[in-house]
Amino acid sequence: MRKLALVALVTALGAGVSTSALAAGQQTAQPQAQTQAQNVKVSDKELSLFVEAEKSVNSIRQSAISKLGQTKDQNAAQKIQQQANESMVKAVKDTGLSVQDYNKIARALQTDKDLRSRISQLQKAG
């Protein structure tokens, strides 16, 4: 059950909670989806907001995964997962980015080398 909760938590926010989660989970993405993701235009401001949101989302996810690893109670695990999902959505929205835009950028990062390079530069600068 814990394994299912971890998988569900990692896939919270749809297809993209973080670039690391996507790297593991998007290996089987359809070529058409990858082609569409490559054509995404992301402003510097959106990318900066994404980096900010991703830091919060990763922190929330890591905390939840740790808590899930310590519980054997299915109800407690579901509550942890639900709270983490809600916190991640709030964290993304608090940056000014919509969950849809966050997911769009996260998916695009899987196939767009230029976007990955831009985000890497932002992460190093921040």
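Leaving aside neighbours within four places in sequence, with which residues is Asp44 in contact? In this predicted model, for which local features need pLDDT of at least 70, side-chain atom pairs count only at pLDDT 80 or more, and totals for chains, interfaces and linings use all residues, Asp44 is in contact with Arg118 and Leu122, where contact means heavy atoms within 4.5 Å. Residues are numbered from 1 along each chain as its sequence is written, and side-chain values use heavy atoms, with hydrogens and water left out.

**Overall architecture**

- The protein chain holds seven helices and zero strands, helices being DSSP runs of H or I with at least four residues and strands runs of E with at least two, numbered from the N terminus.
- Of the 126 residues in the protein chain, 34% are buried, a class that requires under 20% relative accessible area, while exposed means over 50% and partly exposed lies in between (1.4 Å probe, protein chains only).
- Among contacts with a separation of 6 or more in the protein chain, 82% join residues 24 or more positions apart.
- The accessible surface of the protein chain is about 7600 Å², with 48% belonging to carbon and sulfur atoms, as computed by the Shrake-Rupley method with a 1.4 Å probe, and for residues only the protein chains shown count as cover.

- Leu97, leaving aside its neighbours within four places in sequence, is in contact with Glu46, Leu49, Phe50, Val92, Tyr102 and Ile105.

**Salt bridges**

- The whole structure contains three salt bridges, each defined by a side-chain nitrogen of Lys or Arg within 4 Å of a carboxyl oxygen of Asp or Glu.
- Arg118 and Asp44 form a salt bridge through their side chains (2.8 Å, N to O), a pair that links distant parts of the chain, with Arg118 in helix H7 and Asp44 in helix H4, 74 residues apart.
- The C-alpha atoms of Asp44 and Arg118 are separated by 8.4 Å; Asp44 is exposed at 56% relative accessibility, whereas Arg118 is partly exposed at 27%.
- Asp94 and Lys90 meet in a salt bridge between side chains (2.7 Å, N to O), and both residues lie in helix H5, four residues apart, about one turn of the helix.
- Asp101 forms a salt bridge with Lys104, the closest N and O atoms being 3.8 Å apart; Asp101 is partly exposed at 24% relative accessibility, and Lys104 is partly exposed at 24%.
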